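Here are my notes for a colleague who is new to this structure. Please read them with the model open.

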Amino acid sequence: MTATKGLEGIVATTSSISSIIDDTLTYVGYNIDDLAENASFEEVIYLLWHLKLPNKKELDELKQQLADNMELPKEVLESFKTYPIDRVHPMGALRTAVSALGLYDEEADVMEDAANYRKAIRLQAKMPAIVAAFSRVRKGLEPVAPRKDLGFAANFLYMLTGEEPEAIAVEAFNKALVLHADHELNASTFTARVCVATLSDVYSGVTAAIGALKGPLHGGANEQVMKMLSEIGSVDNVDAYIHEKLDNKVKIMGFGHRVYRKGDPRAKHLKAMSEKLTKLTGEPEYYEMSTKIADIVTSEKSLPPNVDFYSASVYHSLGIDHDLFTPIFAVSRVSGWLAHILEQYSNNRLIRPRAEYTGPGMQTYVPIENR
Ligand SMILES: CC(=O)SCCNC(=O)CCNC(=O)[C@H](O)C(C)(C)COP(=O)(O)OP(=O)(O)OC[C@H]1O[C@@H](n2cnc3c(N)ncnc32)[C@H](O)[C@@H]1OP(=O)(O)O
Ligand SMILES: O=C([O-])CC(=O)C(=O)O
């Protein structure tokens, strides 16, 4: 038995949801470029969960179900006030609140297909409400109730700020949601599948996935990219900052990928949005710094930017607090987690690989007084 570190190149399951072949990403066979330009996030949710694009009636029904399920149980809202709010990271709050949601869902442990689908709707609808409400409560503001007449992207921005967002912000945020929705067997999706393959419940699967997404080698990288841009401060400082990191073998957040070799196809869409939005907000230096960093890291390390790199300046331009970047990733990616959870249940087998043992050989127990 020989281990492959990080399971690189190991094919661990079959899936009909998304694929990465020759650096091309598709959701159910639709190229991500096509979806990013044309689809609403709600259409993508439907696509991932039903493996087909919805017709108008099916889409309207899904939108209605999401709008009807956004409100949070008052116990979950109240519990935010009991968190150590001045130091808790919103990803920790999200993980805890999603776990708590399961306590207030009477169907949490009902394992029938229809009940699992209803839980998927509830979780998809409530995740943005958690992120927005927590963000407000920690600032001493009242949560804003969702509006049934707004779409998913607009509703999130509305719940966050209490103001109806501008069309350009809704368009950009919708595109970011589409781009982050699913990504084959990434670490958090794999985590969700491992969890529910024990026939554990949907809430446990999503809670586990949030924990995996939080790390800076995965979804947590987008917040770290923003931290780096803030530290660098101006285009003139990029060269010295990045070379100092590379010389000291410190990883540059937002670069590299386990699967893509030529580059992450999502990055170009986020790059274009970053250019447009940073200009509009009068902060073009965030885009200029980003492109200069990308030039250096790509030419010197052959590492192209991944999805987390330009999303940082995009979210910053939308006025979103930097520690909400990864929770926002989760608000989108939960659509993919839920698709994979439902797919896992539909054709389940316990996921239990082996470990190559590298510890000592057979030993004889020594009584404590003789050690
Ligand atoms: C949504 C997402 O999850 S996208 C990924 C988000 N994560 C990041 O942006 C964090 C920065 N990137 C990384 O840490 C990595 O590229 C990962 C985790 C994404 C992929 O990692 P792996 O496939 O395991 O590659 P690994 O970490 O082994 O790196 C291979 C080599 O490239 C180097 N490398 C990889 N990424 C980077 C980077 N961002 N900056 C500098 N060097 C890097 C490593 O130091 C290593 O060099 P070595 O062989 O000289 O030791
Ligand atoms: O697939 C991966 O390893 C990470 C990634 O890009 C994602 O989850 O979007």
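1. Domain bounds here come from an automatic or database domain assignment. That assignment gives domain 1 (15–214 + 322–346) and domain 2 (221–317). Their centres, taken over C-alpha atoms, are 26 Å apart.

2. Some ground rules. This is a predicted model: local features need pLDDT of at least 70, side-chain atom pairs count only at pLDDT 80 or more, and totals for chains, interfaces and linings use all residues. Residues are numbered from 1 along each chain as its sequence is written, while chains are lettered from A and ligands numbered from 1 in the order in which they are written.

3. Now the domain contact. Two residues are in contact if their C-beta atoms, placed from the backbone, lie within 7 Å. By that rule, 18 residues of domain 1 meet 20 residues of domain 2. On the domain 1 side, β2 (24–27), α1 (32–38), α8 (167–180) and α16 (325–346) each supply at least two residues. Helices (H or I, at least four residues) and strands (E, at least two) are DSSP runs, numbered from the N terminus. The most comes from α8, with five residues.

4. What is that side of domain 1 made of, by class? It has 10 nonpolar, four polar and four charged residues. Ala, Val, Leu, Ile, Met, Phe, Trp, Tyr, Cys and Pro count as nonpolar, Asp, Glu, Lys and Arg as charged, and the others, Gly among them, as polar.

5. Look next at alanine 192, in helix α9 (residues 187–196). Is alanine 192 buried or exposed? Alanine 192 is buried, because 29 other C-beta atoms lie within 10 Å. The cut-offs are 20 or more such atoms for buried, 12 or fewer for exposed, and partly exposed in between, with C-beta atoms placed from the backbone. Leaving out residues up to four places away in sequence, alanine 192 touches Gly205, Val206, Ala208, Ala209, Trp337, His340 and Ile341. The C-alpha atoms of alanine 192 and glycine 205 are separated by 4.5 Å, though 13 residues apart along the chain.

6. Helix α14 (residues 284–301) deserves a look. Its buried residues are Tyr286, Tyr287, Met289, Ser290, Ile293, Ala294 and Val297. They share one side of α14 because they cover an arc of only 160 degrees around the axis. The arc is that of the directions from the helix axis to the C-beta atoms. Asp295, Ser299 and Glu300 are exposed on the other side of α14. The cover over the buried residues includes α11 (221–232), α12 (238–247), α13 (267–280) and α15 (307–317).
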